[in-house]
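Look at the protein chain shown here. The briefing below covers its domains, a helix and some salt bridges.

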Amino acid sequence: MWYHKPVINEELLQSLPNLKIVASSGVGIDHLDLHLLSSYGVKVANTPFAVSTDTADFGMALMLASSRRLVEGYQMAVSPDTEYFPANWLGAEVSGATLGIVGMGTIGYKVAQRAKAFEMKILYHNRNRRKKEEESAVGAVYCKKIDDLLQQSDFVLLSVTLTPQTHKLIGKRELELMKPTATLINISRGLVVDQDALVEALQKKVIKAAALDVTYPEPLPRDHPLLKLKNIIITPHIGSATKKTRRVMMEDMTESIQAGLTGLPIPNEVL
């Protein structure tokens, strides 16, 4: 599967009685019905480790681009209407700011490693607390309650798997807990955020800005209100989109398929 295609439903499974394995690109598996696949004896594999480095890099890129208003600055620099650069056109500091990471899995932890180089104060909220030595290595502080993280962070970065528990994890209440100077960054799945609530929060300056690599749907309808706002950056779900990583993803999928067909242990099996 690439870009969630083909759609794996009961009709397809009934038409493929000899199917042994479905290999899906990327780490997210929210588009797959694991119980349905299991009922047909079909195994599932993904590519979680191949995408982590590039996605973490991209999370930092979104944070830097948003804080320093990179897109707006580019538009100003190339606009035929620009006659001078205003001296009071300012961005926000990243170095020394507080970053709250929601979801400290492989990608979230790699974001923390990068943020440490920017001398950021790092908070994180996760289902399970990391080992103390892992926390110490990046200077991360665990927040058992997500509310504590939201209230303290200058940047909130979402790096969670989409599950029933994380569906619209960030809604109106959570956005109102954030600082009015804070930026929301989403590199996980669009449905982790209540998009209608985000539109309202950005319009009313409840939060300062957002930077999204994911939305729902993808792409957004061309008349969607998010596309009309200046305090947002939206990219086309390209967190893992580098030549090397995409090749490694395909190699991982091929390896899992070969193992599944020969009865060997599947390297990246989703259990």
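Between domain 1 and domain 2, about 550 Å² of area is buried, and carbon and sulfur atoms give 43% of it. Buried area is the accessible area (1.4 Å probe) that two parts lose on being put together, summed over both. This is a predicted model, in which local features need pLDDT of at least 70, side-chain atom pairs count only at pLDDT 80 or more, and totals for chains, interfaces and linings use all residues. Residues are numbered from 1 along each chain as its sequence is written, and side-chain values use heavy atoms, with hydrogens and water left out.

**The two domains**

- The domain assignment gives domain 1 as 10–49 + 241–262 and domain 2 as 52–234; such bounds come from an automatic or database domain assignment.
- The C-alpha centres of domain 1 and domain 2 are 30 Å apart.
- Six residues of domain 1 contact five residues of domain 2, where contact means heavy atoms within 4.5 Å.
- The rule finds one salt bridge across the interface of domain 1 and domain 2; a salt bridge is a side-chain nitrogen of Lys or Arg within 4 Å of a carboxyl oxygen of Asp or Glu.
- Asp 30 and Arg 189 form a salt bridge, with their closest N and O atoms 3.0 Å apart.

**UniProt records**

- An unreviewed UniProt entry lists "domain: D-isomer specific 2-hydroxyacid dehydrogenase catalytic" at residues 3–270. UniProt positions are in the numbering used here, feature names are shortened, and annotations may be inferred rather than shown by experiment.
- Residues 3–270 are 37% helix and 13% strand, and the end C-alpha atoms lie 18 Å apart. Helices (H or I, at least four residues) and strands (E, at least two) are DSSP runs, numbered from the N terminus.
- The unreviewed entry in UniProt also places "domain: D-isomer specific 2-hydroxyacid dehydrogenase NAD-binding" at residues 60–239.
- Over residues 60–239 the chain is 32% helix and 16% strand, with end C-alpha atoms 11 Å apart.

**Helix H5**

- Helix H5 covers residues 106–117, and its 12 residues should span 16 Å at 1.5 Å a residue; the end C-alpha atoms are 18 Å apart, which agrees. The expected span is 1.5 Å times one less than the number of residues.
- Ile 107, Gly 108, Tyr 109, Val 111, Ala 112 and Ala 115 of H5 are buried. Buried means under 20% relative accessible area, exposed over 50%, and partly exposed in between (1.4 Å probe, protein chains only).
- Helix H3 (52–67), strand E3 (98–102), strand E4 (121–125), helix H6 (132–138) and strand E6 (155–158) are what the buried residues of H5 pack against.
- After H5 comes Glu 119, with a positive phi near 55°.

**Salt bridges**

- By the rule, the count is 12 salt bridges.
- Asp 57 and Arg 114 form one of them, with closest N and O atoms 2.6 Å apart. The pair links distant parts of the chain, Asp 57 in helix H3 and Arg 114 in helix H5, 57 residues apart.
- Asp 57 is partly exposed because its relative accessibility is 36%, and Arg 114 is partly exposed at 23%.
- Glu 135 pairs with Arg 129 in a salt bridge, the closest N and O atoms being 2.8 Å apart. Glu 135 is buried at 7% relative accessibility, whereas Arg 129 is exposed at 51%.
- Lys 172 forms a salt bridge with Glu 176, with closest N and O atoms 3.1 Å apart.
- Lys 172 and Glu 176 are four residues apart in helix H8 (residues 172–177), so about one helical turn separates them. Salt bridges that share partners join Lys 172, Glu 176, Glu 200 and Lys 204 into one network.
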